[in-house]
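Here are my notes on the model you passed along.

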Amino acid sequence: MNYSDLHALILTYLGFHGAGNEETEALISEVLPRVEQAARFRRSEGRFTALPLFLQKEPYLSFLSGCSSVVLEAVTLGGEVDLLIRRLSKEDVYQSFVADACASALLEALADEAEDPLGKQRTYRFCPGYGGSDILDVKYILEAVRGDRIGITMQQSGLMLPQKTMAGFVGIGKTAHKSCAGCILNEHCAYRKEGRVCYAK
């Protein structure tokens, strides 16, 4: 794992444009190892050469144009991380806030790492809720990859449990990296309005 990228992503989640202040940097150094120790990363995937029905609409069709297949996936850090963040919230709210950012960044990093075997000809991960897509489409991904087998459940609101869980898909057969230029939210991005990006450069 590239800890430099992970650290940069944590700071992005915390709202920093570059380096954090001394207090925050110290908290990251203290909290990140605890989050890593509590994490129980699990992943389930399924590959499809024919697009599942829920993907046969925009913005999914545009995103997957030119792909030969699609990999649906669900990843989670497990409930132990949720328990750690809740426990910290009773001790120190800011420490809990930093732990939440560390967990979110760690989930992203581990998910990216787990996609390496898919090869270089792949898109970045697209999750329902991006670009005006329906967040409730997550249920179709969880059904397809049997998210319940790795402990993931979904509430009617679309919230997944454990909280540090993600479900999305990767297109195979073309290369697409995260960038502001290629993002369908480019003109309406809250990060860009603040002069920053949502990913580690």
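**Notes on the fold and its charged pairs**

1. H4 covers residues 79-91, which makes 13 residues. From its first C-alpha to its last it reaches 19 Å, close to the 18 Å expected at 1.5 Å a residue.

2. A word on the whole chain, and please keep in mind that this is a predicted model. The chain contains 7 helices and 6 strands. Read from the N terminus, its elements run α-α-β-α-β-α-α-β-α-β-β-β-α. Of the 201 residues in the chain, 45% are buried. Among contacts with a separation of 6 or more, 74% are between residues 24 or more positions apart.

3. Now to the sheet. Three strands make an open sheet in the order E1-E2-E6, and their pairing is antiparallel. Strand E1 (42-48) and strand E6 (165-172) stand at the edges with a single partner strand each, so one side of each has no neighbour in the sheet. From one strand to the next, the twist averages 15°.

4. The pairing can be followed residue by residue. E1 is joined to strand E2 (residues 69-76) by 7 bridges, and Ser44 has Ala74 in E2 as its bridge partner. Between E2 and E6 there are 8 bridges, again with the strands running antiparallel. Here Val70 has Gly171 in E6 as its bridge partner.

5. Helix H5 (residues 93-114) lies across E1, E2 and E6, and runs at about 35° to E6. Helix H6 (residues 138-145) also lies across E1, E2 and E6, running at about 90° to E2.

6. Next, the charged pairs. Side chains of opposite charge can pair when their charged atoms come close. The structure holds 9 salt bridges. One of them joins Asp100 to Lys164, with the closest N and O atoms 3.2 Å apart. This pair links distant parts of the chain, 64 residues apart: Asp100 is in helix H5, and Lys164 is in the loop between strand E5 (160-161) and E6. Asp100 counts as partly exposed at 29% relative accessibility, whereas Lys164 is buried, with a relative accessible area of 9%.

7. Another pair worth a look is Arg125 with Glu108, whose closest N and O atoms are 2.8 Å apart. The two residues are 17 residues apart, with Arg125 in the loop between H5 and strand E3 (128-131) and Glu108 in helix H5. Both Arg125 and Glu108 are buried.

8. Arg122 forms a salt bridge with Asp116, and the closest N and O atoms of this pair are 3.4 Å apart. Arg122 counts as buried at 17% relative accessibility, while Asp116, at 49%, counts as partly exposed.

9. Finally, a closer look at Asp112, which is found in helix H5. Asp112 is partly exposed, with a relative accessible area of 33%. Leaving aside its neighbours within four places in sequence, Asp112 is in contact with Arg122 and Arg125. The C-alpha atoms of Asp112 and Tyr124 are separated by 8.5 Å, and these two residues are 12 residues apart along the chain.

How values were computed. Residues numbered from 1 in each chain as written. Predicted model: local features only at pLDDT ≥ 70, side-chain atom pairs only at ≥ 80, totals over all residues. Heavy atoms only, no water. Pairing = 2+ DSSP bridges. Helix = DSSP H or I, 4+ residues; strand = E, 2+ residues; numbered from the N terminus. Axes fitted to C-alpha atoms, helices over the stretch in contact; angles between N-to-C directions. Contact = heavy atoms within 4.5 Å. Expected span 1.5 Å × (residues − 1). Salt bridge = Lys/Arg side-chain N within 4 Å of Asp/Glu carboxyl O. Buried < 20%, exposed > 50% of the residue type's maximum accessible area, 1.4 Å probe, protein only.
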